[in-house]
Amino acid sequence: MEGGSDSSIQVLRESTADKENVSFEPPAKKFKVTEVHSDCKHKLEDRLSGILCCAVCLDLPKTCYQCTNGHLMCAGCFNHLLADARIKDETATCPNCRCEINRCVCIRNLAVEKAVSELPSDCAFCNSKLPRYQLEYHQKELCQERPCSCRYSRIGCHWEGPYHEVAEHESNCAHPKKSGEEIMSALEAIDAQRQEEHKLYSDIFSLLSFEKITFNDLQLKPFRTDDFITRLYYETTRFTAFNQQWVIRAKINSDHKNPTHTINRSLSYQLVAKTKLTAPMVMHFLALSGPFGGIKMKSKVYNFEFTEEASETEYLDLPIDSAECNKLLASKTINFRLVMFQVTK
Ligand SMILES: [Zn+2]
Ligand SMILES: [Zn+2]
Ligand SMILES: [Zn+2]
Ligand SMILES: [Zn+2]
């Protein structure tokens, strides 16, 4: 061991011999040499992975952002940090150097993204090594071990297995030889699912034929309750629809006490009538991403009968997944569109 580190010092002295300051180097130089020496045991790609990884999750970023000091964050963690800060009503900071991060000062780092795409990674199914940029296509189209299901799954075959076994299974699969009677239940299950989707869209289309339709592009602003334990919620400014004043209130993870303690985020909202109703109003309403929202939102129509006593709906799920929810919370402004349909009897 002793001899090993001595020889490294010598290597350094030889290689930098023409630099005059070498004899005045403090012992710290010795440390640097041994560090480089042990680093060589690791492959270049491993060393690069350590340098190019996200400062938060340590994964290699596909889309990479950097703070003003150059610390790297993957898009998912960047959104999460911004969303977290918004929930806590704080300024988002870089986890490395604590400088402020936001959508204006943080820029993409294409060099890192491209370098990462060249680094090798393992196929999740066959364990072969290939550059990251080829991985997705390989796992979807080329890998012999990728999981597949039988082409007769629509008529009830539950077989699943690697791609290279599909042909053999399908040639022996019993399902195509089954009678119409035997495959009916599988077809009915498919029909039921399709009908449900179809019902949603035909409901929306019939709502579009109503006489009284309105939509508003709204923006949610953060507020805190003045309870003993304050809670963060969001509210839009008042807007007018059908000669009434309304607001939307929204909560993050209404089923969870402290939304910063969970990775899974959800938003729920309620529609509130702010002016006194003279007669009951039956409303159908639907939240959409809208022209300024830019997030993926599913369609879900809710309905409620507003009366003098019942001026607000309960909290209803905004149909977005957790990643989209983080994106929404991390964006500069939380925008969405609310379409309202009034049912007149
Ligand atoms: Zn990350
Ligand atoms: Zn930083
Ligand atoms: Zn593979
Ligand atoms: Zn089969």
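This is a predicted model: local features need pLDDT of at least 70, side-chain atom pairs count only at pLDDT 80 or more; totals for chains, interfaces and linings use all residues.

User: How far apart are the end C-alpha atoms of residues 119-157?

Analyst: The span holds both secondary structure types: 28% helix and 23% strand. Its end C-alpha atoms are separated by 39 Å.

User: In the open sheet of three strands, which strands stand at the edges, and why is one side of each left without a neighbour?

Analyst: The strand order is β2-β1-β3, with antiparallel pairing. Two of these strands have a single partner each, so one side of each lacks a neighbour in the sheet. Those edge strands are β2 (72-74) and β3 (107-108).

User: Which helix packs on that sheet?

Analyst: The helix touches β1 and β2. Its direction makes about 95° with that of β2. It spans residues 75-88 and is α4.

User: Which residue in β3 stands opposite Gln66?

Analyst: Strand β1 covers residues 64-66 and pairs with β3 in the antiparallel sense. Two bridges join them. Opposite Gln66 stands Ile107.

User: What is the bridge partner of Leu286 in β16?

Analyst: Strand β13 (residues 281-288) runs antiparallel to β14 (residues 301-306), with six bridges between them. There, Leu286 stands opposite Val301. Seven bridges join β13 to β16 (residues 334-343), also antiparallel. In β16, Leu286 has as its bridge partner Val339.

Terms used. Residues are numbered from 1 along each chain as its sequence is written. Chains are lettered from A and ligands numbered from 1 in the order in which they are written. Helices (H or I, at least four residues) and strands (E, at least two) are DSSP runs, numbered from the N terminus. Two strands pair if DSSP finds at least two bridges between them. Two residues are in contact if their C-beta atoms, placed from the backbone, lie within 7 Å. Axes are lines fitted to C-alpha atoms, for helices over the stretch in contact, and angles run from 0 to 180 degrees between N-to-C directions.
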